[in-house]
Amino acid sequence: MADLFTRMPLDNRELFVIRKLNVLGSKKEFPSPLIRSAIHCFFFIIKGEALILVGDKSYLFKENECAIVPAGQMFSVRYYNDCIGYMGGFHTDFLNVDSENNNLLRTFGFLRRWSDHKVFFDQAHGNYVRYIFERLCVENEGKKSKHVIKAYLTALLVEIDEVYRKSTDLEDIEVDNRLCNDFVEMVFEQADQSLSIAYYAEKLNITPAHLHKIVKRFTGKTPLSWINEAVLLEAKVMLCHTDMSVNDIAGKVGLQDASYFSRLFKKQVGMTPIAFRNEVKYPKKG
């Protein structure tokens, strides 16, 4: 997913680029390559989820969530799972009237610096924003009218700015969202089933009950679901890229009972670990 950002041309001061995001499957990268873009990068998730590191903070993005990473900011894709949506970027000068008019950065402060790179849209506003992205994509692939593209891009920034200004007043929500993001980051970084929910809660200086509440609220999944997902993703990597036995892989992800590991794997993936390894290494022809 990260390579889609690195392939964007960056030397055009009137650059605008948008692409449909359709990255199926699950993948995690620790460590993952950092990208510093000369343009403002945006992405909008319609379906699936992605864990993005922006600066020194991690953000989990899912349905109807959007971000613009300001030009010059460092970011990397840490994890994604069946991501569908839109991504792209634009140079500041693309929307400025002339080289001396720099009011774009004054109007939309989040393009200059942004304390929280994540914007939540409710279902109605999510539909509006989705239409704007689709219209931008169609125009950019077809007539490429700068006037039309600039109009819709401005509308997009206004929608983001409206939601962003409201969200800055909700400090408690921001704190809980940050804790949720940190939890997901830790889970994928360690991928260890032996680590309890209480362990992560203690690391975050909150109670297990509060951790369960905020993770469920912001992701729709329980903390245990995230732990299992990280463990199974790590197990898949080892099954594909090593000759380790199932017993050894189970131990590596914190499960000393290989039978339980195999049952959990089959329940979540639909096949046993051995069947998964064989399917990947020896795919059926025809």
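Biologist: Hi! What should I know about the numbering and the model?
Modeller: Residues are numbered from 1 along each chain as its sequence is written, and side-chain values use heavy atoms, leaving out hydrogens and water. The model is predicted, so local features need pLDDT of at least 70 and side-chain atom pairs count only at pLDDT 80 or more, while totals for chains, interfaces and linings use all residues.

Biologist: Where is R78 placed?
Modeller: R78 sits in strand 6 (residues 74–90); strands are DSSP runs of E, at least two residues, and helices are runs of H or I, at least four, numbered from the N terminus.

Biologist: Is R78 buried or exposed?
Modeller: R78 is buried, at a relative accessible area of 9%. Buried means under 20%, exposed over 50% and partly exposed in between, using a 1.4 Å probe and protein chains only.

Biologist: Which residues does R78 touch?
Modeller: Leaving aside residues up to four places away in sequence, the contacts of R78 include K27, F30, L51, E185 and E189. Contact means heavy atoms within 4.5 Å.

Biologist: Switching topic, how many disulfides does the structure hold?
Modeller: The structure holds zero disulfides, a disulfide being a pair of cysteine sulfur atoms within 2.5 Å.

Biologist: And C83, buried or exposed?
Modeller: C83 is buried, at 0% relative accessibility. C137 is buried too, with 0% relative accessibility.
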